[in-house]
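Subject: Structure handover

Hi,

Here is the structure for your set-up work. My notes follow below it.

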Amino acid sequence: MGLYLLDYGAGNVQSLANSLTKLGHTFTWIATPEDFDKATSLIFPGVGAFETAIDGLASRGLLEPLRAYLRSGRPYFGICIGMQVLFASSAECPGSAGLNLIPSPITEFDSSDKSVPHMGWNSTTRVFPQQGMDAQDYYYFVHSYCAKYDPVAYPEAATWAHTVTQYGQELFMSTVQKGNVFGVQFHPEKSGAAGLALLDEWLRKSETERSSLSATSCTGSAPVLKPSSKQTLTKRIIACMDVRANDQGDLVVTKGDQYDVREKSDIKTDTAGAVRNLGKPVALTARYYEAGADEICLLNITSFRHSPLRDQPMLAVVRAAAETVFVPLTIGGGIKDSVDPDGTKRTALEVAGVYFRAGADKVSIGSEAVYAVERLRERGGQGDGTSAIETIAKAYGRQAVVVSIDPKRAYVDASYDGPRRNEIVRGEDGQAWWYQCTVSGGRESRDLSVVELAQGVETLGAGELLVNSIDRDGTGKGFDLDLLSLVKKSVRIPVVASSGAGAPGHFVDVFRKTGVESALAAGIFHREEVRIEDVKAALAAEGIPVRRG
């Protein structure tokens, strides 16, 4: 079998390669236009922007050979962008035409009733037969644009629909299927066992079977479907690891008390004063994947500072983790413009690209986001196109950019009526405060509020916010619900709650009381004081949707 993978030059394609290797399938990369003639089956994966994909194909001379391949009747499997390019156009880039195999546009989600991007684990529902629509497995989605399921406006396009998925009150095509073409909006390579099974099922069909797929088991037009009152997007539980070199130069997972990652020097043990070692990063990622983590986050807290592209140990960690972990990986620390010791300039986009191609799915930006928003405000709310957020989002899509923020309480008089009066939180003890942003791991305060930062990075193109709390970090007292509610009300992008969790009930509280899409923990998972399984069981018992198994 001549299975080929198409790489248009952007996005994390290594994850799919790792999945196919895991499943025992061999493949070859499309390197030249002539390779399309050798392919008997083709997979086109992609994370990124519609314009980047079309332009990337065209600039490499691959766009017309792809059209010819699709017309040839040989099997095609498109993932995310690989599915979206089959449509006529995309609102993401009105000037770039799609392949128009499916005659309808890709449109942006309505953000009036939900966060955009659509990010997380959601279910799919078969369109045909019309009776007894059966829900399928949960898969991982991450996108701001979709193919709306609308058999009235686009009857021909609707006949391609194999499954639909609901987000808010919108239904979109999550898989399309007809003849030799199969496409999925989600990422099977990042959807755990269910995603691997779907890939394996398609690949184990004969090429004849893959070339004659049927979108429907019934005749006539596609049915008109109505959104359900029940939402199916699950809440995500994320395991986070702070990674740094210990005194021997080995990378370890650590956890600080208010950012102090060394063992107390006054304790009488052999580890007094040493970097706290809670395990090896690759081993822990594998453990959390098996335990059911919905995503895993690796934050390099020291090694990126001088030369991120020369940090081969961290790159090796990402590559090794991506070979065994089939849920999304976020990498953070040092994703910024930098200069190597030899004077070579490196852009944030270049750094992010290397980590995406090593196996990361998202990058996390911290202090650089604060500086970018300060410049944004100086320019009257207009970005200059040069920040890490803007450049990475343009190339890879905003869903690839996470901004990690480290606010702390700034106390004011209870009668405060200053410029941040609409952000003031008043505690039961009579104290009043606003949340001030910091940089350099919380060591330096800036004249910027958490709302100003959150709204600023959303304007610049961030797709998700990771909200830490310096006041709650390591306390085990629960998430800062006031902080998270304030941020959640201020933006339309997904929010991750972080800092303070000490019990499964804290996760129940944060989802019930703030509306955030996901919650993260580190130390309590590393020390096994709380297990991911326990958290999900507690959420399920309260009727909060979570992915199990």
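Asparagine 100 sits in the loop between β5 (87–90) and β6. Strands here are DSSP runs of E with at least two residues, helices are runs of H or I with at least four, and both are numbered from the N terminus. The phi of asparagine 100 is near 60 degrees, a positive value in a residue other than glycine. At 45% relative accessibility, asparagine 100 is partly exposed. The classes are buried under 20% relative accessible area, exposed over 50%, and partly exposed in between, with a 1.4 Å probe and protein chains only.

On provenance: this is a predicted model, where local features need pLDDT of at least 70, side-chain atom pairs count only at pLDDT 80 or more, and totals for chains, interfaces and linings use all residues. Residues are numbered from 1 along each chain as its sequence is written, and side-chain values use heavy atoms, with hydrogens and water left out.

**Other backbone points**

Glutamate 528 is not a glycine, yet has a positive phi of about 60 degrees. It lies in the loop between α17 (523–526) and α18 (532–541). Glutamate 528 is exposed, at 52% relative accessibility.

The peptide bond from valine 116 to proline 117 is cis, with omega near 15 degrees. Proline 117 belongs to the loop between β6 (102–108) and β7 (118–126).

Cysteine 93 is in no disulfide; its nearest cysteine sulfur, that of cysteine 80, is 16 Å away. Cysteine 93 is buried, at 10% relative accessibility. Cysteine 297 is in no disulfide either; the nearest cysteine sulfur, from cysteine 240, is 4.1 Å away. Cysteine 297 is buried too, with a relative accessible area of 5%.

**Second largest pocket**

Its volume is about 500 Å³. A pocket is found on a 1 Å grid over the protein atoms alone: it is an open set of points where a 1.4 Å probe fits, with protein on both sides within 12 Å along at least five of seven lines, and lining residues have an atom within 4 Å of a point. Points are joined across faces, edges and corners, and the volume is the space filled by probe spheres set on them.

The second largest pocket has 28 lining residues. Ala49, Glu92, Ala393, Lys394 and Gly397 lie nearest its centre. Elements supplying at least two lining residues each are α3 (50–59), α5 (81–84), β8 (135–143) and α13 (388–396). The largest share, five residues, comes from α13. By class, the lining has 11 nonpolar, 10 polar and seven charged residues. Nonpolar covers Ala, Val, Leu, Ile, Met, Phe, Trp, Tyr, Cys and Pro; charged covers Asp, Glu, Lys and Arg; the others, Gly among them, are polar.

Helix α4 (residues 63–72) buries Leu63, Pro65, Leu66, Tyr69 and Leu70. These cover an arc of only 160 degrees around the axis, so they lie on the same side of α4. The arc is that of the directions from the helix axis to the C-beta atoms. The buried residues of α4 pack against α2 (35–38), β3 (41–44), α3, β4 (76–79) and β12 (181–184). Just after α4, glycine 73 has a positive phi of about 90 degrees.

Helix α9 (residues 281–291) buries Pro281, Leu284, Thr285, Tyr288 and Tyr289. Their arc is only 140 degrees, which puts them on the same side of α9. Exposed Ala283 and Glu290 are on the face turned away from the buried side. Glycine 292 follows α9, with a positive phi near 100 degrees.

**Buried helix residues**

Contact here means heavy atoms within 4.5 Å. Neighbours up to four places away in sequence are not counted for valine 318.

- Valine 318, in α10 (residues 312–324), is buried at 0% relative accessible area. It touches Leu329, Ile331, Tyr355, Ala358, Gly359 and Ala360.
- Methionine 314 is in α10 and is buried at 0%. Its C-alpha is 7.8 Å from that of leucine 251, 63 residues apart in sequence.
- Asparagine 18, in α1 (residues 14–23), is buried at 8%. Leaving aside neighbours within four places in sequence, asparagine 18 contacts Ala322, Glu323 and Phe326.

Best wishes

Methods: Disulfide = S-S within 2.5 Å.
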